[in-house]
Amino acid sequence: MTEQGGSGELMSCRWLRPPEGPGPSWTTSVISEWELRRATYTDRHPHEEVNVVLEGVLHVTTAGVTRTARAGEVVVVAPGV
């Protein structure tokens, strides 16, 4: 998945363990690697989401609280948030 913006590519995703089966509802764990450049991305999942920051800084806002994570840190987002 790649999205383009006025200043070029804003984010890209590479599946390491892609979703199984048809449709957007995942029944197994998936692993993907995201590269973000000044991107704003909003989504909601029925499952827990774990974000591991490999380099740079990631800002994650859930339930009105923003967490800033740096390389080596992990941000866990609860289901449905």
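## A predicted all-strand model, in conversation

The protein exposes about 6,300 Å², and carbon and sulfur atoms supply 51% of that area (Shrake-Rupley method, 1.4 Å probe, only the protein chains shown counting as cover for residues). This is a predicted model, in which local features need pLDDT of at least 70, side-chain atom pairs count only at pLDDT 80 or more, and totals for chains, interfaces and linings use all residues. Residues are numbered from 1 along each chain as its sequence is written, and side-chain values use heavy atoms, with hydrogens and water left out.

Reader: Hello! How many helices and strands does the protein have?

Author: Helices (H or I, at least four residues) and strands (E, at least two) are DSSP runs, numbered from the N terminus. From that end, the elements run β-β-β-β-β-β-β. The count is therefore 0 helices and 7 strands.

Reader: Which strand has the lowest mean pLDDT?

Author: pLDDT is the predictor's confidence in each residue, from 0 to 100, and its mean over the protein is 82. Over residues 1-7 it stays under 50; where pLDDT is low, the predicted coordinates should not be read in detail. Strand β6 (residues 65-70) has the highest mean, 94, while the lowest, 43, belongs to strand β1 (residues 2-5).

Reader: Which residues make up the largest nonpolar core?

Author: Such a core is a set of buried Ala, Val, Leu, Ile, Met, Phe, Trp, Tyr and Cys residues joined through side-chain atoms within 4.5 Å. Buried means under 20% relative accessible area, exposed over 50%, partly exposed in between (1.4 Å probe, protein chains only). The largest core has 6 members: Val-53, Leu-58, Val-60, Ala-69, Val-75 and Val-77. At least two of its residues come from each of β5 (57-62) and β7 (74-77).

Reader: Is His-45 buried or exposed?

Author: His-45 sits in the loop between β3 (31-36) and β4 (49-52). Its relative accessible area is 19%, so His-45 counts as buried.

Reader: Which side chain makes a polar contact with the side chain of His-45?

Author: A polar contact is a pair of N or O atoms within 3.5 Å; within protein, one must be able to donate a hydrogen and the other to accept it, and residues adjacent in sequence count only if both atoms are side-chain atoms. Leaving aside neighbours within four places in sequence, His-45 is in contact (heavy atoms within 4.5 Å) with Pro-79 and Gly-80. The polar partner, at 2.8 Å, is the side chain of Asp-43.
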